[in-house]
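Student: Could we go through this structure together? I would like to begin with a charged pair and then turn to other features.

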Amino acid sequence: MADPNNDNGNVDDAQDPQVEGDATNATEPEDLIEAEGPDVEVPVDGPAAGGPADDLSPEDEALLADAASGIAEDRLSPSDRDLVAEMRMDMLRAQAELVNFRKRVERDRDANREVVIAEVVRALLPALDDLNRAEAHGDLTDGPMHVIAQKIRGGFDRFKLVQIGEKGESFDPNVHEAIVQLPTPGATSQTVADVVEPGYKLGDRVIRAAKVAVAVPA
């Protein structure tokens, strides 16, 4: 008769190989092979995270802003919409006034600059008259005065100084100053008979009228 203890031991022995087989097939942590590959960064913001995109063009941003303002205005009451429209008109009016102010400042700055230049040139015209007289007497044909005269005239040319008053042209009170009238037989209109002192224009501004003798009908 078989011993029950021996039977139990046989049963345990029969099950041991299966347990050992399971232990053999089990994978130990140190036997695992770590997968290698590039690290993937998950963006905190941006399209993947549900945030706004960083590469929007200015046109797209403007469209989004308009859409947001439209949605916000849709939620406003009629009185609030009127207030928003009034504030928007005030903003546009302020922008227009600022643009006009800048234009006036630039225009006034240019005008003041022309006035200052005209005053400086007007103060130097007597020296230019002396150079013209010296040249008419042949004193500026050569030598250091000839070089100085060229430099002074070159400086005036930079500011577009133009001499006015020519013999034979029609008399114009806007650019001519008549110091004497000469009755001339056969004259049909007032013309410049002689230039006593030339005048000058700086751009469209007459800084000194030409002093002339005017031939008038006899």
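This is a predicted model: local features need pLDDT of at least 70, side-chain atom pairs count only at pLDDT 80 or more; totals for chains, interfaces and linings use all residues.

Student: Which side chain does aspartate 130 meet in a salt bridge?

Tutor: Its partner is arginine 133, with an N to O distance of 3.0 Å. Both residues lie in helix H3, three residues apart, which is about one turn of the helix. Arginine 133 is partly exposed as well, at 44% relative accessibility.

Student: Why might such side chains pair at all?

Tutor: Side chains of opposite charge can pair when their charged atoms come close.

Student: How many salt bridges does the structure hold?

Tutor: There are eight. One of them joins arginine 93 to aspartate 90, whose closest N and O atoms are 2.8 Å apart. These two are three residues apart in helix H3, so about one helical turn separates them. Arginine 93 has a relative accessible area of 44% and is partly exposed, and aspartate 90 is partly exposed at 38%.

Student: What about arginine 122?

Tutor: Arginine 122 forms a salt bridge with glutamate 119, at 2.9 Å from N to O. Here too the spacing is three residues within helix H3, or about one helical turn. The relative accessible area is 31% for arginine 122 and 47% for glutamate 119.

Student: Which residues are linked in a network of salt bridges?

Tutor: Asp129, Glu197, Arg208 and Lys211 are linked in this way.

Student: Changing topic: what lines the largest pocket?

Tutor: The lining includes Arg113, Glu114, Arg158, Phe159, Leu202 and Asp204. By class, the lining residues are six charged, four nonpolar and one polar. Helix H3, residues 78–136, supplies the largest share, with four residues. The pocket volume is about 210 Å³.

Student: And which residues make the nonpolar surface patch?

Tutor: Ile179, Val180, Leu182 and Val196 make a patch of about 320 Å². Strand S2, residues 176–184, gives the most to it, namely three residues. Valine 196 is located in strand S3, residues 191–197, and counts as exposed because its relative accessibility is 51%, where the cut-off is over 50%.

How values were computed. Residues are numbered from 1 along each chain as its sequence is written. Side-chain values use heavy atoms; hydrogens and water are left out. Patches are made of residues with over 30% relative accessible area and no salt bridge: like charges are joined within 9 Å, nonpolar side chains (Val, Leu, Ile, Met, Phe, Trp, Tyr) within 5 Å. Accessible areas come from the Shrake-Rupley method with a 1.4 Å probe; for residues, only the protein chains shown count as cover. A salt bridge is a side-chain nitrogen of Lys or Arg within 4 Å of a carboxyl oxygen of Asp or Glu. Buried means under 20% relative accessible area, exposed over 50%, partly exposed in between (1.4 Å probe, protein chains only). On a 1 Å grid over the protein atoms alone, a cavity is a set of points where a 1.4 Å probe fits but cannot get out, and a pocket is an open set with protein on both sides within 12 Å along at least five of seven lines; lining residues have an atom within 4 Å of a point. Grid points are joined across faces, edges and corners, and a volume is the space filled by probe spheres set on the points. Ala, Val, Leu, Ile, Met, Phe, Trp, Tyr, Cys and Pro count as nonpolar, Asp, Glu, Lys and Arg as charged, and the others, Gly among them, as polar.
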